[in-house]
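Please have a look at the sequence and the structure first, and then I will go through the pairs in turn.

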Amino acid sequence: MEDSAPRRGRVTFGWLVGLSQVLGLVSVVLTGVWMGQYKGGFAWDGSAQQFNVHPLCMVLGLVFLQGDAILVYRVFHNEAKRNIKILHGIIHLLALCISIIGFVAVFNFHKVSKIPDMYSLHSWVGMATIVLFFLQWVIGLLFFLFPVASSWLRASYLPIHVFCGLGLLVMSIGSCLLGITEKLLFSLPTYSQFIPEGVLANVLGVLLVCFGGVVCYVVTKEDYRRPPNPEEESLSVYFKTLTEGQSPSSP
């Protein structure tokens, strides 16, 4: 009986992680179907088909892979911390590279089609997201994977890093929702008539929100946190020193 609650928690955790993967993968597939079936496919020639690369890369990189990079600390909680840091950084790097491809695709399309850049709210939020994402990755690399900062500084930055990671996922999903709405309003005059393309895009938006919600829930739920190791205990002591004004050696 005493083990039943933890066992139920592990089962629930497994279902939630599985649900997040289904939501994320279906979102990527729906984006590919939308761009492939309704918007003419993909190319790299400055045409409208090159633009289609942009939403697929954004959903795959800045949403799905970024969410998975965040989840690795919960899924592999029994693995060595450094291995998880490396995996976390690699997935984020992959997400960054794919996202940059998506940005290059849309800017090149705008240049060929003589469309102005950076005038919409979607472009502002998207650019802010990718810049902050890059900065978050570089700072995380320097602070945690190849730590050049002191334990005191790392401890003070750790909660900011975690908060910014979730904040960037929310920003990415918000940017995607703005982009979906912008694309529908610009290219689909019959959007208000509940045509299949519009419904598919709406479903995609809902799935992205659900994916973000599940990831944020799993990451913030205390029961699913990784058991602390000596390094994390040390950071906790320093963080307590910062917040409560105690010395690290005080009881």
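Let me begin with the term itself: a salt bridge here is a side-chain nitrogen of Lys or Arg within 4 Å of a carboxyl oxygen of Asp or Glu. This is a predicted model, in which local features need pLDDT of at least 70 and side-chain atom pairs count only at pLDDT 80 or more, while totals for chains, interfaces and linings use all residues. Residues are numbered from 1 along each chain as its sequence is written, and side-chain values use heavy atoms, with hydrogens and water left out.

How many salt bridges does this rule give? The count is three.

I will start with Lys39 and Glu197, whose side chains form a salt bridge at 2.8 Å, N to O. Lys39 sits in the loop between α1 (4-38) and α2 (48-51), and Glu197 belongs to helix α7 (residues 196-220), so this pair ties together parts that are 158 residues apart in sequence; helices here are DSSP runs of H or I, at least four residues long, numbered from the N terminus. Both Lys39 and Glu197 are buried, where buried means under 20% relative accessible area, exposed over 50%, and partly exposed in between, with a 1.4 Å probe and protein chains only.

Next, Lys221 pairs with Asp223, their closest N and O atoms lying 3.7 Å apart; Lys221 is partly exposed at 25% relative accessibility, whereas Asp223 is exposed at 63%.

Finally, Glu222 and Arg225 form a salt bridge with 3.6 Å between the closest N and O atoms, and here Glu222 is exposed, at 58% relative accessibility, while Arg225 is partly exposed, at 46%.

How values were computed:
Helices (H or I, at least four residues) and strands (E, at least two) are DSSP runs, numbered from the N terminus.
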